[in-house]
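Q: Could you show me how to read the features of a model like this one? I would like to go step by step.

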Amino acid sequence: MQRLQTRWARRLFIAPGVHARGWVMEKLEEQIAHLTRTVEDLSDVVARQESEIAVLTRRVFMLMQREGEREAQGSGSVVLGDERPPHY
């Protein structure tokens, strides 16, 4: 236990031998609270992105269907850059 406390004391810039268990615990609790908040925030972001991706996937599917219907009808001819439009 002393070895662990000394290692934490060095890591947190506390002089070895200084009894700082309460201070170390407070810092650890602060860090855990910060990390918990970050995880919750990231979870919210991922949930929002999931719904946005679902909407975009539906839109792409609808556009693909619409374009497929145009191609099947034959009215969706593509004008290339070096071709003259039909009204010339």
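**Reading a helix and its salt bridges**

A: Let's begin with a stretch of chain: residues 25-59 are 100% helix and 0% strand, with the end C-alpha atoms 51 Å apart. Helices (H or I, at least four residues) and strands (E, at least two) are DSSP runs, numbered from the N terminus. This is a predicted model, where local features need pLDDT of at least 70, side-chain atom pairs count only at pLDDT 80 or more, and totals for chains, interfaces and linings use all residues. Residues are numbered from 1 along each chain as its sequence is written, and side-chain values use heavy atoms, leaving out hydrogens and water.

Q: Which UniProt annotation covers residues 25-59?

A: An unreviewed UniProt entry gives "coiled-coil region". UniProt positions follow the numbering used here, feature names are shortened, and annotations may be inferred rather than shown by experiment.

Q: How many salt bridges does the structure hold?

A: A salt bridge is a side-chain nitrogen of Lys or Arg within 4 Å of a carboxyl oxygen of Asp or Glu. The structure holds four. One of them joins Lys 27 to Glu 30, with the closest N and O atoms 3.6 Å apart. Both residues lie in helix α2 (residues 21-73), three residues apart, about one turn of the helix.

Q: Is Arg 37 buried or exposed?

A: Buried means under 20% relative accessible area, exposed over 50%, and partly exposed in between (1.4 Å probe, protein chains only). Arg 37 counts as exposed because its relative accessibility is 55%. Its salt-bridge partner is Asp 41, which is partly exposed at 35%.
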